[in-house]
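Subject: Structure for you to look at

Hello,

Here is the structure I said I would pass on. Please open it and keep it in view while you read the notes below.

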Amino acid sequence: VKEGYEFQIDCMYGAATALYLLREYDEARTRCENILRTQPKSRVAKELHLASIEAQEQDEKKKMKNAAMASAGVAAAIGVAAGLASIMMKK
C-alpha cells in the first residue's frame with residue numbers, strides 16, 4: 001500500500017476476492033485489514049472482511065460437525081462389532 005501504485009488498492013482487493021473464492025478466508029481477511037489500515041472508509045473492503053470472518057466461522061463449524069458425525073459412526077461400528085462378538089461367543 002505504501003508503494004504509490006495508482007491501482008494498488010484495487011489489486012489488493014482483487015487478490016482478497018480471489019483468496020475468498022478459493023476459500024482462503026484467513027488470508028483474504030488479512031488483505032482486507034491491510035486495505036482498511038490505509039483506507040478505513042472502504043465499504044467493499046469492510047464487507048469482504050466481514051464475509052471472510054463469517055465464512056471462516058461457518059467452515060470451522062462444518063468441520064466440527066463432520067468430525068462429530070464421523071466419531072458417532074465409529075462408535076456405532078464398535079458397538080455393532082461388540083454386539084456381534086458377544087453373540088458369537090455365546091454359541
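This is a predicted model: local features need pLDDT of at least 70, side-chain atom pairs count only at pLDDT 80 or more; totals for chains, interfaces and linings use all residues.

Start with L36, which touches S42, A45, K46 and H49 once residues up to four places away in sequence are left out. L36 is found in helix α2. Its relative accessible area is 18%, and the cut-off for buried is under 20%, so L36 counts as buried.

Now the overall layout. The protein chain has three helices and zero strands. Read from the N terminus, the order of elements is α-α-α. Of the 91 residues in the chain, 18% are buried. If you take the contacts between residues at least 6 apart in sequence, 42% of them join residues at least 24 apart.

Next, the first pair of helices. Two packed helices are described by the angle between their axes and the distance between the axes. Helix α1 covers residues 8–21 and helix α2 covers residues 25–38. Their axes come within 8 Å and cross at roughly 160°. Angles over 145 degrees count as roughly antiparallel, and α1 and α2 are therefore roughly antiparallel to each other. Their crossing is left-handed.

Which residues of α1 and α2 meet? On the α1 side they are I9, M12, Y13, A15, A16, L19 and Y20. On the α2 side they are Y25, E27, A28, R31, C32, N34, I35 and T38. Sorted by class, this contact has 11 nonpolar, two polar and two charged residues.

The loop between α1 and α2 holds R23. Most residues other than glycine have a negative phi. R23 is not a glycine, yet has a positive phi of about 65°. Is R23 buried or exposed? Its relative accessible area is 58%, so R23 is exposed.

Helix α3 runs over residues 43–90, and S52 is placed in it. S52 has 0% relative accessibility and so counts as buried. Leaving aside neighbours within four places in sequence, S52 is in contact with Y20, Y25, A28 and R29.

Q56 is also found in helix α3. With a relative accessible area of 23%, Q56 is partly exposed. What does Q56 contact, apart from its neighbours within four places in sequence? The residues are Y25, D26 and R29. Q56 and R29 are 27 residues apart along the chain, and 9.5 Å separates their C-alpha atoms.

Last, the cysteines. How many disulfides are there? A disulfide would need a pair of cysteine sulfur atoms within 2.5 Å, and by this rule the count is zero. C11 has a relative accessible area of 45%, so C11 is partly exposed. C32 is at 0% relative accessibility and so counts as buried. C32 is also one of the α2 residues in the contact with α1.

Regards

Technical notes. Residues are numbered from 1 along each chain as its sequence is written. Side-chain values use heavy atoms; hydrogens and water are left out. Buried means under 20% relative accessible area, exposed over 50%, partly exposed in between (1.4 Å probe, protein chains only). Axes are lines fitted to C-alpha atoms, for helices over the stretch in contact, and angles run from 0 to 180 degrees between N-to-C directions. Helices (H or I, at least four residues) and strands (E, at least two) are DSSP runs, numbered from the N terminus. Angles under 35 degrees count as roughly parallel, over 145 as roughly antiparallel, 65 to 115 as roughly perpendicular and the rest as oblique. A crossing is left-handed if the near helix is turned anticlockwise from the far one by less than a right angle, and right-handed if clockwise. Contact means heavy atoms within 4.5 Å. Ala, Val, Leu, Ile, Met, Phe, Trp, Tyr, Cys and Pro count as nonpolar, Asp, Glu, Lys and Arg as charged, and the others, Gly among them, as polar.
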